[in-house]
Amino acid sequence: MSEISASIAETNALREKLGLKPLKVGPETSGAQVAEDNLKRQRDEEAKKAREEAIKTKIAKSRNKRELNKVLAGKGLGEASDEDDDGDDVYKWTMKSRNKEKERQAAAAAKREKELQELDDASLVEYDESQLSGLRVGHDMSDFAEGEERILTLKDSTILENEEEGDELINIQLAEKQRLDKNLENKKKKNRPVYSGYDDDEFDSGKKKNLLSQYDEELGIESGHDGFVLGSAKRTQRLADGQNGSVAQQGGGGLSAKEIMEQKLKKSAIDLTYNKTQQAQDYYTKDEAEITFKKPKKKKKSRSRKAENWDEENQDGEEMEVDRPEQVDISELNFVDDEDLQASLATARRAATKKSIKKLTPEQIAKNLAESQAMQMEEDDAPKGGLVISDVSEFVANLSSSAAEVHTGRPTLATRAREVSAEAAESATAATTAGESMKEDTEMEGAKEDDEAEDYRARTRAESEEAEAQDVAMKEAATEEHSATTESVLVDEPLVSRGLGSTLALLKQQGVYEMGTPEQAERAKIQSERARWLAEARLREAKLQREMVRDKARDKEKSRDKNYSIRDREKDREYENQRREQRLLDEREAQMKNYKPDVKLEYIDDAGNRLNTKEAFRQMSHAFHGKTSGKMKTEKRQKKLDDEKRLMSMSSTDTPLNMVSAFQERQKAAGSAHIVLAVGNRKYVDIEVFAYEDKLEGTTSTLGSGSGSRTPSTSSAKVAPSSFAAPNQAQATMSISGVHAPNREKVTVGLKRKAEPAQGTSTEESVTKKSRN
Amino acid sequence: MIEVVCNDRLGKKVRVKCNGDDTVGDLKKLIAAQTGTNWEKIVLKKWYNIYKDHITLDDYEIHDGMNIELYYN
């Protein structure tokens, strides 16, 4: 492989053809050469510059030096001293320095002398009260006692305060005392209960209380408002009439008690002059509006208080030894639901008894005692164990029976049962209370007594007697019942006059009044138990109330004690309250032990039917979901209900189709005492039918039943439903067609109302009759 | 004046005399004149650099005696 190359000439020729400049032939004038040249030139220039610079600085230096030398021209320190160094130079120097020292001392002495002079001048000025005038004292004049010496100092204050108020003199001890007082006051305020019920503070301090004022603490001593100014003209003048000394002498002189008194009076002085031309205003002024009137405290009703007292006395057993009728606790007897009525009755009763008690005078007491003794004697005289019949006993017997009669008038079963139970309970309690007085009372009746207590006693007696009568009656009834079951079928009628029990028995026998189901009896029992429980609860509550009242009274007694501090009282009260609450809770719990509520849920639908559980649930569910059963279901249920109702209302003496009554009617119509239901194989109806037909046709047909001349023929009775077949035709057509006997006769009997022959109908509907005879 | 050697490794090797301030296009024309190919078909490369026509040899720093790869379009 050979390299293609062209010479320079060839290349230049080529280049010429191509329009390019010819090749640069010759020495290499490359960039490096140029650069070198440049570098050289640059260096030369730099060197030249540096040389010039050096020369310039040299010149400047020399010039500077020359100038410096110019400054330093003249004599130097050493040169100067060197010049004075000869002969008396030392003496001169010492003299010079001595002079200097003397001058200095003289100046100091003059200064000191001036100061001393000033001091002397100051000491020469007399220090007296006039220099204190205008200074403020931070205490009231009354704080300084007469003949007392107090040292006053300038009060500590900040610069700002000082600028504002000026200097103030205070006594440290007095200020301390004031602070102490204030602290004590604050403390007292804190300890005091927030609400005392009185507005004493307003009267004490003369201003209305702020909101939550018990937390307002007055900090520090408020000086300034009660201070005075030493040497002030006004003040001195004012004091001058009371005291001849000037205020500046306060170190020596104080104010007497009289002066203080006067000052105070002046402070509270009232201006008696008034504006005579003052117009009457339509509205309250601000001052007038602020005047509030204290509401007079309501007087507690003395009556109720007295009553309470009376109760308390009663309950505490501190009664007078009087023949007071036995106290029957009303709450014990209170079994009736109507509490308002009971309450009013109770108050009435209490009033009555109270009245009677009030009227008891000593003479009466003595009389009562004598009477009771006499009674005792009579009682002793009376034969024991025998039956005593007197007017009174008869009367009482009548009373009880009449009461029983009244009771029989009471209607419904449920209320009846409840009442009986309630009365039983009542009688049980009443019997215990009035039991002792009972016997004695019945006999006492004979004797005439116009004692006021008799009224009350009679009432209790009536009650108890009624109860007893009932008891007796009940027992009788029970025995009678027993005998009725054991004796024969025919029972004697119990006599109504014998009492309530017998009446009850009679009624029961007759079916007028039925005893309740066991369930009802159970309910009645539960209710009576509940009534008893309620009564007990009431009793307990009353007791608690009494105790609370007593406790409160005791607390009051205690609080009157002076040694008993507020804090202690608070603590005690809290403790008491806790204890009371605990006790209350315990009581409640104990009460609830026997608590047996009588709950019976009954659901009734719109139509008034009682629902059982399932039905009730369905009803509630429907109400909840807002939808009810469909039409079919509702109808079905309705039908079921209707059926039930029909079943219930169906008479038990007749069949559903009233056959019995129909028969009876038949009997009446036939005038016979019997009815023939069937003859042989035939229904009895046939005969009737024949008779009917005979009447219609006017012909007599004899039907020999089982006659010898005829062969026994089978006959079929058919009741054609005419209404189905042909409405035109005879209704209730009865045809009896006999299947003909082969040789002798064919009897077809039919009943026809309309005598028109049926056309195009079956043979059974056409009525034909053939008779051989 | 510089001399540049262009080799296509297929049998053609051209030594071209030129100026440094000639463009690549000029160089191509010189090569074309010496080899007898169309200058527009010539591609000059050094490794993967394709020299462009309008740029001078100095700018590409092509010095005397350098080898340039010669390709054809």
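This is a predicted model: local features need pLDDT of at least 70, side-chain atom pairs count only at pLDDT 80 or more; totals for chains, interfaces and linings use all residues.
Strands of a sheet pair through backbone hydrogen bonds, in either a parallel or an antiparallel arrangement.

The pairing between the chains forms part of an open sheet of six strands, whose order is β1(A)-β2(B)-β1(B)-β5(B)-β3(B)-β4(B) and whose pairing is mixed. The edges of this sheet are taken by β1 (3-5) of chain A and β4 (49-50) of chain B, each of which has a single partner strand, so that one side of each is left without a neighbour in the sheet. Helix α1 of chain B, spanning residues 24-35, packs on the sheet and touches β1 of chain A as well as β1 (2-7), β2 (13-18) and β3 of chain B, its direction making about 130° with that of β2(B). Elsewhere in the sheet, strand β3 of chain B (residues 42-46) runs antiparallel to strand β5 of chain B (residues 67-72), to which four bridges join it; here L44(B) stands opposite L70(B) in β5(B).

The contact between the chains draws 13 residues from chain A and 14 residues from chain B. On the side of chain A that touches chain B, the elements giving two or more residues are β1 and α1 (8-18) of chain A, and α1(A) gives the most, with four residues. Sorted by class, this side of chain A comprises nine nonpolar, two polar and two charged residues.

In soluble globular proteins, nonpolar side chains tend to be buried together. The largest nonpolar core of the model holds 17 residues, of which V4(B), C6(B), V16(B), L27(B), I31(B) and L44(B) touch the most other members. At least two residues of this core are supplied by each of β1, β2, α1, β3 and β5 of chain B, while the largest share, five residues, comes from α1(B). When residues up to four places away in sequence are not counted, V16(B) touches E3(B), V4(B), C6(B), L27(B), L30(B), I31(B) and Q34(B).

A further position in chain A is V194(A), which lies in the loop between α6 (172-191) and α7 (200-205) of that chain. Because V194(A) has 8 C-beta neighbours inside 10 Å, and the limit for an exposed residue is 12 or fewer, V194(A) counts as exposed. V194(A) and L212(A) are separated by 18 residues in sequence, with a C-alpha to C-alpha distance of 8.4 Å in space.

How values were computed
Residues are numbered from 1 along each chain as its sequence is written. Chains are lettered from A and ligands numbered from 1 in the order in which they are written. A residue is buried if 20 or more other C-beta atoms lie within 10 Å of its own, exposed if 12 or fewer, and partly exposed in between; C-beta atoms are placed from the backbone. Two strands pair if DSSP finds at least two bridges between them. Two residues are in contact if their C-beta atoms, placed from the backbone, lie within 7 Å. Axes are lines fitted to C-alpha atoms, for helices over the stretch in contact, and angles run from 0 to 180 degrees between N-to-C directions. Ala, Val, Leu, Ile, Met, Phe, Trp, Tyr, Cys and Pro count as nonpolar, Asp, Glu, Lys and Arg as charged, and the others, Gly among them, as polar. A nonpolar core is a set of buried Ala, Val, Leu, Ile, Met, Phe, Trp, Tyr and Cys residues joined through C-beta atoms within 7 Å.
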